Amino acid sequence: MASSEVDQKFLGKAAKAVEHENPLLASVLYKILGLSINLSHQLVKAKKQRRPDGTPTSAQLDLSFHIIWLSREGLVLLEQYVVPMVGAYTELKVLAYKLRASFYHIFVLFHNTPPVSSMGVNTPDPQNTPQSRLDKGKGVATDDGGAPSSAKPSRNFEGGPVGPPPGFGPESPSAFLLKPGDYLPIAHQYFKEAAELADKILWGSHSLRLSVKTEYAAFLYECVHDFEGSRKLAKETVAQVYDATEGIDNDMFNDACELVTVLGKMMKRGLNSNNKNPASSTGSQPPARTEQGEPSAPPGMI
């Protein structure tokens, strides 16, 4: 994600490399690096505070708001100052594309409408509010299923209750930070673009390429709920690492080993004997984690 340690390393190296020829770009990269480090801590905290029932506390809401705000500010910096300037670079261009997908990944996790993850702030459903409901032309029905109250006037509502017009219904609590909407398609598109670019200009064992593929696999599993696609991508990426013949330094080798370990676990994710079909018992919600310590992404990622 935008908080991955590998991404942070490349951000720092890129900022250092361009600070003489392009001070503005270097300054923005340093700002995104600082924001990414802050975001990393917030994401780890959000993962630890996640409740099994998915009901957020006030502290969790504040934390989600902070994460969404950091991601929004990072995306603004990236799209306005970094993406337009990276055409002549290789690793930095892949990193910019990957970070863009990462920020949208966070929007999908914490702010999407409809929600696709238990991490986020859900938008209340106007048809399922706990207050009394209209009972299709039979007066006012109470929540306990009792008869309509005689103290309230009975009206004949033809066609049942009518919801609020578009734009006037309940909004996500985080709508003041970011426009509510379905960010899943655009996030998926940006991951495809980042993965295609990484395949084109980086070799199979390059740690930045592995970072792109690892988060893409996590996104497919957690957000798209394409479990088989996630496992297939992880398997193909590991195979490409072993087929690579390019030399790498010790630091990149250590990062690659760590990412390959995560990808190896993601290859088997959801295939335990007690849960053949991860989607069978959860409906539209993300699958429950049944293996202790099973990571969904590299350190600093959800």
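Mentor: One definition to start: buried means under 20% relative accessible area, exposed over 50%, and partly exposed in between, with a 1.4 Å probe and protein chains only.

Trainee: What does Asp-226 touch, not counting residues up to four places away in sequence?
Mentor: Leu-220 and Tyr-221. Contact here means heavy atoms within 4.5 Å.

Trainee: What should I know about the model itself?
Mentor: This is a predicted model: local features need pLDDT of at least 70, side-chain atom pairs count only at pLDDT 80 or more, and totals for chains, interfaces and linings use all residues. Residues are numbered from 1 along each chain as its sequence is written, and side-chain values use heavy atoms, leaving out hydrogens and water.

Trainee: Which residues does a cis peptide bond join?
Mentor: Thr-113 and Pro-114, with omega about 5°. Pro-114 lies in the loop between α4 and β1 (133–134).

Trainee: How many helices and strands does the protein have?
Mentor: Eight helices and two strands. These are DSSP runs numbered from the N terminus: H or I of at least four residues for helices, E of at least two for strands. From the N terminus on, the order is α-α-α-α-β-β-α-α-α-α.

Trainee: At what angle do the axes of α4 and α5 cross?
Mentor: Roughly 155°, and the axes come within 8 Å. α4 covers residues 91–111 and α5 covers 184–201. Axes are lines fitted to C-alpha atoms, for helices over the stretch in contact, and angles run from 0 to 180 degrees between N-to-C directions.

Trainee: What does that make them?
Mentor: α4 and α5 are therefore roughly antiparallel to each other. Under 35 degrees counts as roughly parallel, over 145 as roughly antiparallel, 65 to 115 as roughly perpendicular, and the rest as oblique.

Trainee: Which residues make the contact?
Mentor: Among them are Tyr-97, Ala-101 and Val-108 of α4, and Ala-187, Phe-191 and Leu-197 of α5. The contact of α4 with α5 has 14 nonpolar, two polar and four charged residues. Ala, Val, Leu, Ile, Met, Phe, Trp, Tyr, Cys and Pro count as nonpolar, Asp, Glu, Lys and Arg as charged, and the others, Gly among them, as polar.

Trainee: What about α7 and α8, at what angle do they pack?
Mentor: About 140°, with their axes 8 Å apart. That makes α7 oblique to α8.

Trainee: New topic: which residues touch the most other members in the largest nonpolar core?
Mentor: Leu-29, Ile-32, Ile-67, Val-82, Val-108, Phe-110 and Phe-219, out of 73 residues. Such a core is a set of buried Ala, Val, Leu, Ile, Met, Phe, Trp, Tyr and Cys residues joined through side-chain atoms within 4.5 Å. α4 gives the most to this core, with 13 residues.

Trainee: What is Ile-67 in contact with, leaving aside neighbours within four places in sequence?
Mentor: Leu-39, Gln-42, Leu-43, Ala-46, Ile-106 and Phe-110.
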